[in-house]
Amino acid sequence: MERPTPGEAGPGPHGLPVLPELPLQELECFAVLVEQLHFGRTAQRLGLSQSRVSQLVKRLENRVGAPLFRRTSRRVESTELGRALAEQVVPAFARLREGFAEARARAATARPLRLGFQCAVYEPVARAIARLPEGAARLVELPWSDPFSQLARGEVDLAIVLAPCREPGLEVLLEFSRQPVYLAVSAAQVPVGAGGVSGEELAALPLIEPRGPAPEYWREANAPRRTPGGRELAYAAGAVTLQEGLSMVAGTRRGLLLCERSTTYLQRPDVRFLPVPELGPTSLEVVQHQRRPHPLAEAFVELLVKHVD
């Protein structure tokens, strides 16, 4: 059987021609280095180490059979062959990126990113959603007392929930919005000028906890049974949503623990919010199902990172 010469296409398993392997990572690295002419900046742009960039460029030069760059201690410049290759490669990679972005946008329109959220759609989240293609995201409110079930069942693609998440099959993509804890109490029960709640005062107050299938470790983090000083906390009632819990707070002597950011979004005239310095801060997490990643999940997280505090 006649063998193809190096660099030529050979027959595939069904007699069809097969293109020679195209070193895409090496060519992408080359395309960026041609623009940057700096190994450090190229490494930063690609999220690689500088030594890895050097390795990829050297490997491509070995494949081509001649140097593509001239390197000195002060500068990097393209050789004549490198400039000729760049005329083909740089526009080709620009078209590839545009095509990939367009495909993701079309996929998003066909199947919107179902974004579950607890409590409220905070400003950084709203800004990230606004940067996605129009119609690419659909919001689904998740119960305060059940942060993970809809994600586990595939009813949402991403969940923005109070930390922590340790559920099998779910993975945390981002933790953000670290906030101090506040106590919601009836405005009628709080003296004017009250500025905060001590651990001792908190222990004397009947509290409202999430009523639902939230796992015990999550409950312990968001409705703790003891203060860091060891005082036991008593929960006298439960609520499915924060709105339900706040309605219970307004008409009783009970209290409800929540993060500082929620106090801004859930304001009502019959409820006061007081800081609880003794309790540690809370945070939010973006969580996805490991086996059902959405094509826009990574893009959304990247946008959210740009807008978080």
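## The largest cavity

In this predicted model, the largest cavity has a volume of about 30 Å³, and the count of cavities of 30 Å³ or more comes to one. Its lining is made up of Cys119, Glu141, Leu142, Trp144, Thr241, Leu242 and Gln243, a set that divides into four nonpolar residues, two polar residues and one charged residue. Two elements, strand E6 (137-142) and helix H9 (242-250), each supply at least two residues of this lining.

## Cys119 and the cysteines

Cys119, one of the residues that line the largest cavity, lies in the loop between strand E5 (113-118) and helix H5 (123-131). Its phi is near 75 degrees, which is a positive value in a residue other than glycine. With a relative accessible area of 11%, Cys119 is buried, because that value falls under 20%.

The count of disulfides in the model comes to zero. For Cys119, the nearest cysteine sulfur is that of Cys259, at 6.1 Å, whereas a disulfide requires a pair of sulfur atoms within 2.5 Å. Cys165 likewise counts as buried, at 11% relative accessibility.

## Helix H1

The buried residues of H1 are Glu26, Leu27, Cys29, Phe30, Ala31, Val32, Leu33 and Val34. The helix is followed by Leu37, whose phi is positive, near 50 degrees.

## Salt bridges

A search of the whole structure finds 14 salt bridges. One of them is formed by the side chains of Arg75 and Glu77, with a nitrogen-to-oxygen separation of 3.4 Å; here Arg75 counts as exposed, at 52% relative accessibility, while Glu77 is partly exposed, with a relative accessible area of 27%. In another, Arg153 pairs with Glu155, the closest N and O atoms being 2.7 Å apart. Arg153 is exposed, with a relative accessible area of 51%, and Glu155 is partly exposed, with a relative accessible area of 35%.

The side chains of Glu278 and Arg231 also meet in a salt bridge, at 3.6 Å from N to O. Glu278 lies in the loop between strand E13 (271-275) and strand E14 (282-289), and Arg231 in the loop between helix H8 (216-222) and strand E11 (235-239), so this pair ties together parts that are 47 residues apart in sequence. Both partners count as partly exposed, Glu278 with a relative accessible area of 28% and Arg231 at 35% relative accessibility. Elsewhere, salt bridges that share partners join Glu26, Arg59 and Arg63 into one network, and of these residues Glu26 is among the buried residues of helix H1.

Pro281 is partly exposed, with a relative accessible area of 44%. The C-alpha atoms of Pro281 and Arg178 are separated by 6.3 Å, although these residues are 103 residues apart along the chain.

A further pairing across the sequence involves Ile208, which lies in strand E10 (residues 207-210) and counts as buried at 2% relative accessibility. Ile208 and Gly238 are 30 residues apart in sequence, yet 5.1 Å apart in space from C-alpha to C-alpha.

## Backbone features

The peptide bond from Ala163 to Pro164 is cis, with omega near 5 degrees. Pro164 is found in the loop between strand E7 (158-162) and strand E8 (170-179).

Strand E8 is also the place of Ser177, whose phi, near 55 degrees, is a positive value in a residue other than glycine. At 17% relative accessibility, Ser177 counts as buried, because the cut-off for a buried residue is under 20%.

Conventions: Residues are numbered from 1 along each chain as its sequence is written. This is a predicted model: local features need pLDDT of at least 70, side-chain atom pairs count only at pLDDT 80 or more; totals for chains, interfaces and linings use all residues. Side-chain values use heavy atoms; hydrogens and water are left out. Buried means under 20% relative accessible area, exposed over 50%, partly exposed in between (1.4 Å probe, protein chains only). Helices (H or I, at least four residues) and strands (E, at least two) are DSSP runs, numbered from the N terminus. On a 1 Å grid over the protein atoms alone, a cavity is a set of points where a 1.4 Å probe fits but cannot get out, and a pocket is an open set with protein on both sides within 12 Å along at least five of seven lines; lining residues have an atom within 4 Å of a point. Grid points are joined across faces, edges and corners, and a volume is the space filled by probe spheres set on the points. Ala, Val, Leu, Ile, Met, Phe, Trp, Tyr, Cys and Pro count as nonpolar, Asp, Glu, Lys and Arg as charged, and the others, Gly among them, as polar. A salt bridge is a side-chain nitrogen of Lys or Arg within 4 Å of a carboxyl oxygen of Asp or Glu.
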